[in-house]
Amino acid sequence: MASTFALRRSLFACSTRSFHTSNRAFIKVGDKLPNLNVLVENSPGNKVDLSEFTKGKALIIGVPAAFSPSCSESHIPGYIKHKKLKDAGNVFVVAVNDPFVTKAWGASLDPAGSSGIRFLGDPTARFTEALDLAFDGSAIFGGPRSKRYALEIEDGKVKSLHVEPDNTGLNVSSAEKVLG
């Protein structure tokens with residue numbers, strides 16, 4: 001009888017364990033953006049819910065870190081200088097950083113603000129995690145970071161998704177690949 005009880009307990013434990021360890025799925029084409037008020041622009045009190053700003057065409061560019069070499073020298077400057085940027089609609093850059101860092105970074109990349117790109121901080125990584133686009137960047141960045149990506153949005157839904165397979169590379173999410 002004791003062995004029967006142990007067998008039942010182990011079977012039950014296995015079924016609940018597999019439920020809790022199931023992998024989350026990346027955001028995918030056709031998904032709506034999460035309705036979260038966790039992104040910040042310029043100061044901690046200026047919350048931004050991207051689901052409210054992506055009713056028409058929009059582009060969300062995710063980067064591992066503001067001021068990192070690839071982000072600052074290639075990735076975002078490629079968008080700022082691209083001739084088709086204006087055709088992308090509202091454009092946002094999201095970094096797992098505080099709003100002061102993203103504000104300073106935006107000012108350093110686009111001092112006049114002529115590109116129209118808005119630089120948003122995701123200080124708790126909640127937005128990035130809701131998209132399941134976070135990775136453990138502790139070894140380099142000190143904590144969770146965003147994979148490098150670009151989401152083309154139309155009417156609040158993902159139209160196209162460009163996620164770097166190695167998290168930080170600069171191939172599928174570059175301006176040339178996304179905007180043409």
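Leaving aside its neighbours within four places in sequence, with which residues is S174 in contact? In this predicted model, where local features need pLDDT of at least 70, side-chain atom pairs count only at pLDDT 80 or more, and totals for chains, interfaces and linings use all residues, the answer is H75, Y79 and E164, contact meaning heavy atoms within 4.5 Å. Residues are numbered from 1 along each chain as its sequence is written, and side-chain values use heavy atoms, with hydrogens and water left out.

S174 belongs to the loop between β9 and α6 (175-179), helices (H or I, at least four residues) and strands (E, at least two) being DSSP runs numbered from the N terminus. With a relative accessible area of 11%, S174 is buried; buried means under 20% relative accessible area, exposed over 50%, and partly exposed in between (1.4 Å probe, protein chains only). A polar atom of the S174 side chain lies 3.3 Å from the backbone oxygen of N171.

Strand β8 (residues 149-154) has five of its six residues buried. Antiparallel pairing over six bridges joins β8 to strand β3 (residues 57-63), and β8 also pairs with strand β9 (residues 157-163) in the antiparallel sense over six bridges, two strands being paired if DSSP finds at least two bridges between them. E152 in β8 is the bridge partner of L59, while I153 stands opposite V158 in β9. The hairpin of β8 and β9 has two residues between the strands, and in this hairpin D155 takes a positive phi near 50°. E154 and K159 also meet through their side chains in a salt bridge (3.6 Å, N to O), a term for a side-chain nitrogen of Lys or Arg within 4 Å of a carboxyl oxygen of Asp or Glu.

By this rule the count comes to three salt bridges. In another of them, E41 and R118 have their closest N and O atoms 2.6 Å apart, and this pair links distant parts of the chain, with E41 in the loop between β1 and β2 (47-48) and R118 in strand β5, 77 residues apart. E41 counts as buried at 12% relative accessibility, whereas R118, at 23%, counts as partly exposed.

Helix α3 (residues 99-109) buries P99, T102, W105, G106 and L109. Seen down the axis of α3, these buried residues fall within an arc of 125°, so they line one face of the helix; the arc is that of the directions from the helix axis to the C-beta atoms. Their cover includes β3, α2 (69-81) and β5 (118-121).

Note on methods: A polar contact is a pair of N or O atoms within 3.5 Å; within protein, one must be able to donate a hydrogen and the other to accept it, and residues adjacent in sequence count only if both atoms are side-chain atoms.
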